[in-house]
Amino acid sequence: MTIRARRARPETFAPFGNVVSGPAGTPTSQAAEYKFWSDIADYLIDGRTEIGLCTVYRQKTPVITGMERHLRTPEILIPIDAPFVLPLLLDGREPDETAAFRVNPGEAVVINNGVWHGACLPYKKKQSSYFVIFRLGTPHEDVEKKSLPPLAITAA
């Protein structure tokens, strides 16, 4: 089975969470040396947060065979040096209903609690690094994993 990735846009990503991109309106505050936009996204995390770093490497065939989810925290992903493709699946859906989204540097995504997600895949690069932000301790206390039949991911 092959899943075709599409660009992460607020309207298509909404069932899974939020897309954060550059602001378009008047800055909240500005001076000669800066412009600041507040409240371009929000999320709720109960407790302290942690920031991690993940680097993913291009595989000969971009296939995923499993996903994970976190029930007590959203997960924020911010590309650092290259775009990535993020596979997502809503709870109760079949693997052939997996969606995949391309996220570019300068954007971020907030994955809602309980949404299944696979490891990101680098997009048109040998590797991609990204920040991962979620509730402190999540990798040790709040990870549920499941296997999937092999899903090939192609990028748009």
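What is the mean pLDDT of the protein chain, and what share of its residues reach 70 or more? I started there, since this is a predicted model. The mean comes out at 93, and 99% of the residues reach 70 or more.

**Entry: confidence by element.** I then went through the elements of the chain.

**Entry: overall build.** I counted 2 helices and 15 strands in the protein chain. The radius of gyration is 16 Å, close to the 15 Å from the globule rule for 156 residues, so the chain is as compact as a globular protein of that length. Along the principal axes, I noted that the C-alpha trace spans about 55 × 35 × 25 Å.

Entry: Of the 156 residues, 42% are buried. I looked up contacts between residues at least 6 apart in sequence, and 83% of them join residues at least 24 apart. The chain exposes about 8,800 Å², with carbon and sulfur atoms supplying 50% of that area. For charge, I found 18 positive and 17 negative side chains, and the centres of the two sets lie 10 Å apart.

**Entry: a glycine to visit.** I stopped at glycine 114, in the loop between strand 11 (108-111) and strand 12. Is glycine 114 buried or exposed? Its relative accessibility is 12%, and buried means under 20%, so glycine 114 counts as buried. Beyond neighbours within four places in sequence, glycine 114 is in contact with Arg69, His70, Leu71 and Asp91. I also checked arginine 72, which is 42 residues away along the chain: its C-alpha atom and that of glycine 114 are separated by 7.8 Å.

Methods: Residues are numbered from 1 along each chain as its sequence is written. This is a predicted model: local features need pLDDT of at least 70, side-chain atom pairs count only at pLDDT 80 or more; totals for chains, interfaces and linings use all residues. Side-chain values use heavy atoms; hydrogens and water are left out. Helices (H or I, at least four residues) and strands (E, at least two) are DSSP runs, numbered from the N terminus. The radius of gyration is taken over C-alpha atoms; the globule rule is 2.2 Å times the number of residues to the power 0.38. Buried means under 20% relative accessible area, exposed over 50%, partly exposed in between (1.4 Å probe, protein chains only). Contact means heavy atoms within 4.5 Å. Accessible areas come from the Shrake-Rupley method with a 1.4 Å probe; for residues, only the protein chains shown count as cover. Lys and Arg count as positive and Asp and Glu as negative; His and the chain ends are not counted. The place of a charge is taken as NZ of Lys, CZ of Arg, CG of Asp or CD of Glu. pLDDT is the predictor's confidence in each residue, from 0 to 100.
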